[in-house]
Amino acid sequence: MNVAIAMHLAVAAAGFAAVSTATPCPQAATAGWAGVRPTHHEGAPTALPYTLVMRSVDVPAVTCFVIDETNRGENKRDSGTWRQLQFGGNALGPTHDAYDDHVRDPPLGIGCGPERWNKGHLMADRYFKRDEDKANTYFMANMVPQRSNCNGGWWSHKVEADIQKYAEDPRYEGHMVFVGTEGEVENRNIIVGSSIPTEYDAAVNGVKHVKWMWAAVCKQGKGGFMMAAGNPNEPKCGDQYLSLGNFPLPKELHGVFGNLEEYCGTVEKWASWEKRKKQKKPSSRSEDKARRDIDVGATVTRAKKKVASAQKARLRGRDIELGKEAGTPRTSRSADLKATTRNKRKLID
């Protein structure tokens with residue numbers, strides 16, 4: 001971004017009193033990224049619900065918001081209308097027509113079909129519950145070209161889904177969410193392996209690819225951060241980096257990592273923070289304990305009865321065996337004792 005444009009945009013922003021429905025990050029949080037920080041867009045009643053730092057007129061560098069009550073609720077995906085962001089008399093991001101031309105089939109474009117491309121959000125609409133906040137994520141300045149099975153696959157179902165869980169949890173209010181890019185791809189033939197004329201690059205009006213998309217959740221007070229990254233030009237985002245996971249940090253992201261360390265503290269394993277535990281009601285726990293006690297008591301009673309029955313059986317068996325050894329009929333010793341007593345009485349009589 002040239003200095004003249006940067007100064008012009010900064011002056012244009014200075015006279016605007018922004019009224020945001022959500023909470024952008026303080027400038028100190030994104031001070032490590034050089035560029036202009038748009039704070040609003042012309043022709044709309046609300047400010048952006050997030051901080052947006054542009055690397056150039058056409059490429060976003062980083063977006064950021066602070067988690068608060070505006071991120072909690074039924075945060076469903078939206079289907080907004082993509083348009084350029086008008087800021088200080090300048091249009092940020094490529095035009096919609098330029099993007100459509102960019103993804104046409106070769107040799108005029110980089111191709112659709114099974115390898116089609118999506119307009120990939122940096123700051124996703126799903127992080128916000130209010131319609132006006134969702135609508136303000138559909139700017140071409142908040143977009144990078146992204147493979148469809150990356151945008152609609154791992155990035156959506158893992159990275160964005162995990163961030164959304166934190167954003168909806170009141171325990172994380174005051175923490176910050178960063179989403180950004182790193183590294184521009186100069187030769188798009190490397191991406192698609194097709195032959196695109198060199199003059200096409202100059203004619204696409206600034207539709208550029210980035211090497212990496214990354215996201216981070218940062219605890220307030222330098223309490224730590226977790227980070228994820230993927231390559232938007234590769235199927236399924238290529239090497240799916242999660243902090244302290246299976247893949248090492250890509251070298252292009254060392255600068256981003258350093259900025260996050262300086263502002264957020266020590267890196268932590270992705271999605272390793274405390275999870276909400278389901279608690280049972282006290283009455284339910286008491287009832288469960290009572291049932292267990294009853295079951296245990298019944299088991300003990302049945303066991304005692306079995307032991308007593310077995311003891312009686314052993315005694316009967318022993319009496320019978322003693323009777324056999326003495327050559328007496330198969331009667332109990334008590335019966336023999338009674339017969340002996342009767343015989344003695346007869347002799348006395």
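Me: Which residues are buried in helix α7 (residues 254-264)?
Reply: Residues are numbered from 1 along each chain as its sequence is written, and side-chain values use heavy atoms, leaving out hydrogens and water. Helices (H or I, at least four residues) and strands (E, at least two) are DSSP runs numbered from the N terminus, while buried means under 20% relative accessible area, exposed over 50%, and partly exposed in between (1.4 Å probe, protein chains only). In α7, the buried residues are V256, F257, L260 and C264.

Me: Which strands do the buried residues of α7 pack against?
Reply: Packing is judged here by contact, meaning heavy atoms within 4.5 Å. The partners of the buried residues of α7 are the strands β8 (176-185), β9 (209-218), β10 (225-230) and β11 (241-242).

Me: Where is A271, a residue other than glycine with a positive phi?
Reply: Phi of A271 is near 60°. With a relative accessibility of 18%, A271 counts as buried. Its place is in the loop between α7 and α8 (282-325).

Me: And where is K222, which has a positive phi although it is not a glycine?
Reply: The phi of K222 is about 55°. You can find K222 in the loop between β9 and β10.

Me: What is the volume of the largest cavity?
Reply: On a 1 Å grid over the protein atoms alone, a cavity is a set of points where a 1.4 Å probe fits but cannot get out; lining residues have an atom within 4 Å of a point. Grid points are joined across faces, edges and corners, and a volume is the space filled by probe spheres set on the points. By this rule there is 1 cavity of 30 Å³ or more. The largest cavity has a volume of about 60 Å³.

Me: Which strand gives the largest share of the lining of this largest cavity?
Reply: The lining has 11 residues, and those closest to the centre are D58, M143, V144, P145 and K208. Counting Ala, Val, Leu, Ile, Met, Phe, Trp, Tyr, Cys and Pro as nonpolar, Asp, Glu, Lys and Arg as charged, and the others, Gly among them, as polar, the lining divides into 8 nonpolar, 1 polar and 2 charged residues. The largest share, 3 residues, comes from strand β7 (residues 143-147).

Me: Which residues is S148 in contact with, leaving aside neighbours within four places in sequence?
Reply: S148 is part of helix α4 (residues 148-167). It counts as buried, because its relative accessibility is 15%. Its contacts are R116, W117, N118 and G153.

Me: How far apart in space are P49 and N136, C-alpha to C-alpha?
Reply: P49 sits in the loop between β1 (23-24) and β2 (51-54), and it is buried, with a relative accessible area of 0%. P49 and N136 are 87 residues apart in sequence. In space, their C-alpha atoms are separated by 7.4 Å.

Me: Is E168 buried, partly exposed or exposed?
Reply: E168 is in the loop between α4 and β8. E168 and N71 are 97 residues apart in sequence and 5.8 Å apart in space, C-alpha to C-alpha. Since its relative accessibility is 29%, E168 counts as partly exposed.

Me: What pLDDT does the protein average?
Reply: Of the residues, 62% score at least 70. Over residues 193-200, pLDDT stays under 50. Where pLDDT is low, the predicted coordinates should not be read in detail. The protein averages a pLDDT of 75.

Key:
Predicted model: local features only at pLDDT ≥ 70, side-chain atom pairs only at ≥ 80, totals over all residues. pLDDT = per-residue confidence, 0-100. 1 Å grid on protein atoms, 1.4 Å probe; cavity = no way out; pocket = protein on both sides within 12 Å on 5 of 7 lines; lining within 4 Å.
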